[in-house]
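Dear colleague,

Please find below the structure that I promised to hand over to you. After it, I set out what was found.

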Amino acid sequence: MPLETIVTASDSPAPTTLKTISVRTFLLGQRIDTKNLEQGSVLATSPLTIRAGSRGRAVLFRYGVAILFDLDPLEEVDFLASLRRLVIEPVEPPETEEIRIHLHPEGEDRVEHSGAIILSDPTPERLQLLADILGKNAVLDHYEHRVAEVFDRIDPLAATLQRKGDFGSQGKELLQQIGGVLLTQQRMVGRVEVLDKPEVLWERPSLERFYLRLEDEYELRERGRVLDRKLDLIARTSETLLDLMQNRRSMRVEWYVVILIVIEIVLTIVSMTMPGHL
């Protein structure tokens, strides 16, 4: 895709003519096997950055996210098709988001008050930094939606429990959904590491200020903490549900024992009252 030329207002009083690049984020699945791509046209690693299309770039994360820079629609389709065999537990359809970054060779890397992202030069390190933020944002969006769905199920269940003292058949279904969310929590902590800084900052500490501004723009830390609290509440809710289900099962077993005892007593009395009983 050729670079577009637009006029946008920067932080300086005079308008500046900037070139823009399209950036598309794809949450493709739970995992991408990037090892099979770590050869050929690799520009950088950790995260893996490769050439894509005629002039584009792709940054790939093992936790299932691909960030595509400056690919036209046909190149995008071809590239995603080539990745399909490497995606584990695919998300159908893939979750996508698009932004545009502005190139300003004579300026500095920054995020303007309007939220516009300015890059002085689209080097692999800068693209990795931006991709790290966009990838974490995509995963947080995905998990936030899943957690919201569970909370939507918990609320009526709690109302039913308060009203009837029982949750009926909904408990088992909710536990299955909660199990999926808790597995999500494990994956998020073990693979995505939302609050960790990318490795590229160790090599390019001069980019840390830009990274922190991006992190603040997408509110990664605040959203991560909120999500952790919600996941903790869901975990405690699942423990409560399990306890209730086990107590109900125990009471049912106790009633079965009582019924069997009563039946045995009745049979004994009947046999004692029958004619010919010694």
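A residue is called buried when its relative accessible area is under 20%, exposed when that area is over 50%, and partly exposed in between, with a 1.4 Å probe and the protein chains only. This is a predicted model, in which local features need pLDDT of at least 70 and side-chain atom pairs count only at pLDDT 80 or more, while totals for chains, interfaces and linings use all residues. Residues are numbered from 1 along each chain as its sequence is written, and side-chain values use heavy atoms, with hydrogens and water left out.

I begin with the salt bridges. Side chains of opposite charge can pair when their charged atoms come close. The structure holds 13 salt bridges, a salt bridge being a side-chain nitrogen of Lys or Arg within 4 Å of a carboxyl oxygen of Asp or Glu.

One of them joins R24 to E98, with 3.9 Å between the closest N and O atoms. This pair links distant parts of the chain, as R24 is in strand β2 (residues 16-32) and E98 is in strand β7 (residues 87-103), 74 residues apart; helices (H or I, at least four residues) and strands (E, at least two) are DSSP runs, numbered from the N terminus. R24 counts as partly exposed because its relative accessible area is 21%, and E98 is partly exposed because its value is 44%. R24 and E98 also belong to a network of salt bridges that includes E76 and R100.

A second salt bridge is formed by D141 and R223, at 2.8 Å from N to O. Here too distant parts of the chain are linked, since D141 is in helix α2 (residues 124-164) and R223 is in helix α6, 82 residues apart. D141 is partly exposed at 24% relative accessible area, whereas R223, at 14%, counts as buried.

A further salt bridge pairs D216 with R213, their closest N and O atoms being 3.8 Å apart. Both residues lie in helix α5, three residues apart, which is about one turn of the helix. D216 is partly exposed at 46% relative accessibility, and R213 is partly exposed at 27%.

Finally, R204 is found in the loop between α4 (200-203) and α5, and R204 counts as partly exposed because its relative accessibility is 27%. R204 and R126 are 78 residues apart in sequence, and their C-alpha atoms are 9.4 Å apart in space.

With kind regards
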